[in-house]
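Thank you all for coming.

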Amino acid sequence: MSMSQDSPDHEAKADVADDSFVIRVNEHFSDIEKADWDRLSGTAPGSHPTSYNPFISHAFLSSLEESGSAVAGTGWLGQHLTLEDGEGRIVGALPCYLKSHSKGEYVFDYGWADAWERAGGRYYPKLQCSVPFTPATGPRLLALGTVDVATTRQALAAGLKTLTERLGVSSAHVTFAADADIAAFEKAGFLHRTDQQFHFRNEDYGNFDEFLDSLSSRKRKNIRKERATALQEGLTIDWLTGRDLTESVLDAFFEFYTDTGNRKWGRPYLTREFYSLIAERMPDDILLVMAKGNGRYVAGAINFIGGDRLFGRHWGCIEHHPCLHFEVCYYQAIEFAIERKLEFVEAGAQGEHKLARGYMPVTTHSAHFIPNESFRNAVADYLEHEREDVSRFSELLSEHSPFKKEN
């Protein structure tokens, strides 16, 4: 297999069993045909199976780039891999960035960076294979079903290792990866890391009250109290999707998002143009839950609609109302999922407080390639203990489930 970066000087052999592939490194999504990418990712128009993940679509990823949100100037230089067969057809792909920092990733490696640099190394830049600013599990090794998927994944994983070594960077990180991808990366010698999120599972509930009936009495009463408190000042809730996503609505939501971003990160990651682009390119995949008071929107959360799940993302407000965050981000998402017969709601990164609100612990996975042997061994030892800690904590949390105990 050879690797090309648009110049013969950048060709190199990668260690894979099949040498009939060529991997290209693409700096821009505009260099990759939308039809090719969406065919690989299962996000082509009209082909939304239950596994459909909106974040891996060309529409979402190219909007991040074209809006100036994830570009070289913000520390996200595209290094997207495409895999071509012997006839020049794209049969695999991997979204990848050369990063100059670790912001917007949600799998934290600041301790690794500090240790590496104290030892005299240079941790940044590094390679990051992920959806920027999006802590949602999804496919990373995109493979066309008409070829041997396992071989394609192996070739892409090997290509990522080769790119890491050719660039001379400290490491490559694949975050929020699907189980099948983790298996392929482990086979290629990547280290396996785990973390935890909280997801709601729709047990075929007919409505929100049926969900409440599945909870313990104390948790059920608390949720009812929180929902009443959130709306006690006469607030109302709108679900906006599709053609409801007007520019004025997006202006209002961006004000909420900016307020939160300024407080949490120093500045927002996403630009205003990003929201206009996704509302144009994938409007039916977006759900805005907006709270209105005195004739204007005062808070809101953006969600993305997948094949079998709702992905909760950003929230913000310009007025403080007790419990409104829980209502807009968690309870409204559950109601929407039940109405749409979606199986899951993913409520984003971290947050043990979600457990009491019907969201149970779920393990997330990432893979990491570190060429330096001594550093890799130190990280491997750390990850072994971390995986044990994550597993024990998940078991402990599950023992405090808000659901009724079975006799």
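Let me begin with His-314, which is buried, because its relative accessible area is 10% and the cut-off for buried is under 20%. Please keep in mind throughout that what we are looking at is a predicted model.

Which residues does His-314 touch, if we leave out those up to four places away in sequence? The contacts are Phe-133, Phe-253, Tyr-257, Leu-270 and Tyr-275, together with Gly-300, Ala-301 and Ile-302.

Now to the element that holds this residue: His-314 is found in strand β14, which covers residues 309-317. The burial of His-314 goes along with that of its strand, since nine of the nine residues of β14 are buried, and the strand is therefore largely enclosed by the rest of the structure.

What, then, pairs with β14? On the one hand there is strand β13, residues 296-305, which runs antiparallel to β14 and is joined to it by six bridges; among the residues involved, Ala-299 has Cys-317 of β14 as its bridge partner. These two strands, β13 and β14, form a hairpin, with three residues between them.

On the other hand there is strand β15, residues 344-349, which pairs with β14 in the parallel sense over three bridges, and here Leu-310 stands opposite Val-345 of β15. Helix α10, residues 324-340, belongs to this part of the picture as well, for β14, α10 and β15 make a right-handed β-α-β unit.

To return to where we started, His-314 is a buried residue in a strand, β14, that pairs in the antiparallel sense with β13 and in the parallel sense with β15.

Methods
Residues are numbered from 1 along each chain as its sequence is written. This is a predicted model: local features need pLDDT of at least 70, side-chain atom pairs count only at pLDDT 80 or more; totals for chains, interfaces and linings use all residues. Side-chain values use heavy atoms; hydrogens and water are left out. Helices (H or I, at least four residues) and strands (E, at least two) are DSSP runs, numbered from the N terminus. Buried means under 20% relative accessible area, exposed over 50%, partly exposed in between (1.4 Å probe, protein chains only). Contact means heavy atoms within 4.5 Å. Two strands pair if DSSP finds at least two bridges between them. A crossover is right-handed if, with the strands pointing away from the viewer, the path from the first strand over the helix to the second runs clockwise.
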